[in-house]
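Please keep the sequence and the 3D view open while reading.

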Amino acid sequence: MKRILLVAATAMLLAGCLSSLPETPKTQPPVVPVEPSETTQQPPPPVDTVPTPPKQRTTDWAAAVSPLVGDMSGANGVESGKVLLVDSVKNNTNGSFSVQNATSAIVTAVDNTHRFSVVPQDVANAARRTLGLSQEDSLVTRSKAIGLGRYVQADYVLYSVISGSNKQRDIEMQLMAVQSGEILWSGKHDIE
């Protein structure tokens, strides 16, 4: 017990000594200017640049195909009221575009002439699947188009090919009789 009292007294004595020390004014340390040393700056790390994709051109397919469809509907030897199959457009360009949009524009333009009974695209697509032809078939040929026309019992097939480059494309259409395979009308037009 004496030890505890001795430790407590010593602690109090020391605590009192610390508080009785004279206070010294606080001074700030002197400011010493530092001269910048010559250091070689590291070049920034190389930045990976992502190439910008080429601009996608939008094509007004209706304006591109309407003159040809107008010429076709007025061609000699083409009978009104017959069933017409608009085959998928074949892409012979060095670029890509929506074949479905181009085909739909042709179907709409032919429908607007009221000269033919157009095979609906869902019927044509089902016939393509049945015959094992892809919707985006890049190897579309006239014989495949005529075979598809026979399958859907059409009188005529409208075969279309877009060729050229991304800068200058043109569309060529041919109206063929399904039974004979004869080309009844042919036309070509630039796509702007």
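A salt bridge is a side-chain nitrogen of Lys or Arg within 4 Å of a carboxyl oxygen of Asp or Glu. Asp87 and Arg128 form one, with their closest N and O atoms 3.1 Å apart. This is a predicted model: local features need pLDDT of at least 70, side-chain atom pairs count only at pLDDT 80 or more, and totals for chains, interfaces and linings use all residues. Residues are numbered from 1 along each chain as its sequence is written, and side-chain values use heavy atoms, with hydrogens and water left out.

**Confidence**

- pLDDT is the predictor's confidence in each residue, from 0 to 100.
- The chain has a mean pLDDT of 83, and 86% of its residues reach 70 or more.
- Among the elements, E1 has the highest mean pLDDT (93) and H1 the lowest (74).
- Where pLDDT is low, the predicted coordinates should not be read in detail.

**Overall build**

- Helices (H or I, at least four residues) and strands (E, at least two) are DSSP runs, numbered from the N terminus.
- The chain has five helices and six strands.
- Their order from the N terminus is α-α-β-β-α-β-α-α-β-β-β.
- Contact means heavy atoms within 4.5 Å.
- Of the contacts in the chain with a separation of 6 or more, 62% join residues 24 or more positions apart.
- Buried means under 20% relative accessible area, exposed over 50%, and partly exposed in between (1.4 Å probe, protein chains only).
- The chain has 192 residues, and 33% of them count as buried.
- Accessible areas come from the Shrake-Rupley method with a 1.4 Å probe; for residues, only the protein chains shown count as cover.
- The accessible surface of the chain is about 13400 Å², with 56% belonging to carbon and sulfur atoms.

**Nonpolar cores**

- A nonpolar core is a set of buried Ala, Val, Leu, Ile, Met, Phe, Trp, Tyr and Cys residues joined through side-chain atoms within 4.5 Å.
- The largest core has 29 residues, and Met72, Leu84, Ile106, Val110, Leu158 and Met173 touch the most other members.
- Two or more residues each come from helix H2 (61-73), strand E1 (83-86), helix H3 (99-113), strand E4 (156-164), strand E5 (169-177) and strand E6 (183-191).
- H3 gives the largest share of this core, seven residues.
- Leaving aside residues up to four places away in sequence, Val110 touches Val69, Met72, Leu84, Val86, Phe116, Val118 and Leu158.
- Another core lies apart from this one; it has 15 residues, among them Val140, Leu148, Val152 and Tyr159.

**A closer look at Val69**

- Val69 lies in helix H2 and is buried, at 1% relative accessibility.
- Leaving aside residues up to four places away in sequence, Val69 touches Ala109, Val110, Thr113 and Met173.
- Val69 and Gly187 are 118 residues apart in sequence, yet their C-alpha atoms are 8.9 Å apart in space.

**Charged pairs**

- Side chains of opposite charge can pair when their charged atoms come close.
- The salt-bridge rule gives a count of three.
- Asp87 forms its salt bridge with Arg128. Asp87 lies in the loop between E1 and strand E2 (90-93) and Arg128 in helix H4 (residues 121-131), so the pair ties together parts 41 residues apart in sequence.
- Asp87 is buried at 3% relative accessibility, and Arg128 is buried with a relative accessible area of 3%.
- Lys188 and Asp170 form a salt bridge, with their closest N and O atoms 3.3 Å apart. Lys188 lies in strand E6 and Asp170 in strand E5, so this pair ties together parts 18 residues apart in sequence.
- Lys188 is exposed at 55%, whereas Asp170 is buried at 15%.
- Lys82 and Glu79 meet in a salt bridge through their side chains (3.6 Å, N to O).
- Lys82 is partly exposed at 27%, and Glu79 is partly exposed at 45%.

**Positive phi in the loops**

- His114 is not a glycine, but has a positive phi of about 60°.
- His114 lies in the loop between H3 and strand E3 (117-118) and is exposed at 71%.
- Gln153 is also a residue other than glycine, with a positive phi near 60°.
- Gln153 lies in the loop between helix H5 (142-151) and E4 and is exposed at 65%.
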